[in-house]
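Subject: Structure handover, salt bridges

Hi,

Here is the structure I promised to pass on. Please open it alongside this note; my findings on charged pairs follow below.

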Amino acid sequence: MSCPILHKSPIILLVGAGPTSSTVIQAAAMHVVTVVAADGGFQSAQAAGLDVALVVGDMDSQVSLPKSQAFAKIDDQDTTDFEKCLQVCSADIFLGVGFLGGRLDHQLAAFSALLKEPKPVVLIDEHQLVFVAPAQFHLELEAGAPVGFYPMLPVHVNLQGVQWPLDDAEMSPLGQIATSNKSNGELLTLKVDGHGLLAILPVRYLGAVLDVLRG
């Protein structure tokens, strides 16, 4: 489905209706210019005291919006409200809260949306952040910091700066994965040959990750 771009901003926070807290939403909002809510995420954003530029979705979770609130009702049932937000918004990078945890099928759908979106998208909850790793990625981490990499699609990976490094490893959901790894205190260096590897890091590195993804 092709949708017109309704909102543009350098960095956009997308707020979903999944489990989260006002504390997490407010912390995420410190990194962004604009807030967009995915349907029921409007209530979470509003409870956190944020001004919402746009509400997007099929609106099945809305009883009534303030008259002044901009919204885009999209009835397409082949896409999630998260995907609808990505379709009608343009940003250099997206940050999402309220898309991890809760119903497993919703979380898996969010991961699929990450694979389809060409722009960087970082999803966070209270403890972790998740994003699709770019072709090359470098990050300073404290020794012992937990890191994980999960291949949603087959990829070849070089990974250094961790307790269990990888050298041109062929990774896939049915083969080698790299969860439950940890930093050895050296520079984390990752190279991957395709758009299909989920990187999972502690949420305390959000600012640093956004800086790297923005280039």
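Asp211 and Arg214 sit together in helix α5, three residues apart, which is about one turn of the helix. This is a predicted model. The two side chains form a salt bridge, with the closest N and O atoms 2.8 Å apart. Asp211 is partly exposed, at 47% relative accessible area. Arg214 is also partly exposed, at 44%.

The structure holds five salt bridges. Two others are worth a look.

Take Glu83 and Lys116. Their side chains meet in a salt bridge at 2.9 Å, N to O. Glu83 belongs to helix α3 (residues 81–88) and Lys116 to helix α4 (residues 104–116), so the pair ties together parts that are 33 residues apart in sequence. Lys116 has 59% and is exposed, because exposed means over 50%.

Then there is Glu142 with Arg204. Their side chains form a salt bridge at 3.7 Å, N to O. This pair links distant parts of the chain, 62 residues apart. Glu142 is in the loop between β10 (136–139) and β11 (146–151). Arg204 is in the loop between β16 (197–202) and α5 (206–214). Both Glu142 and Arg204 are exposed.

As background, side chains of opposite charge can pair when their charged atoms come close.

Best wishes

Terms used:
Residues numbered from 1 in each chain as written. Predicted model: local features only at pLDDT ≥ 70, side-chain atom pairs only at ≥ 80, totals over all residues. Heavy atoms only, no water. Salt bridge = Lys/Arg side-chain N within 4 Å of Asp/Glu carboxyl O. Helix = DSSP H or I, 4+ residues; strand = E, 2+ residues; numbered from the N terminus. Buried < 20%, exposed > 50% of the residue type's maximum accessible area, 1.4 Å probe, protein only.
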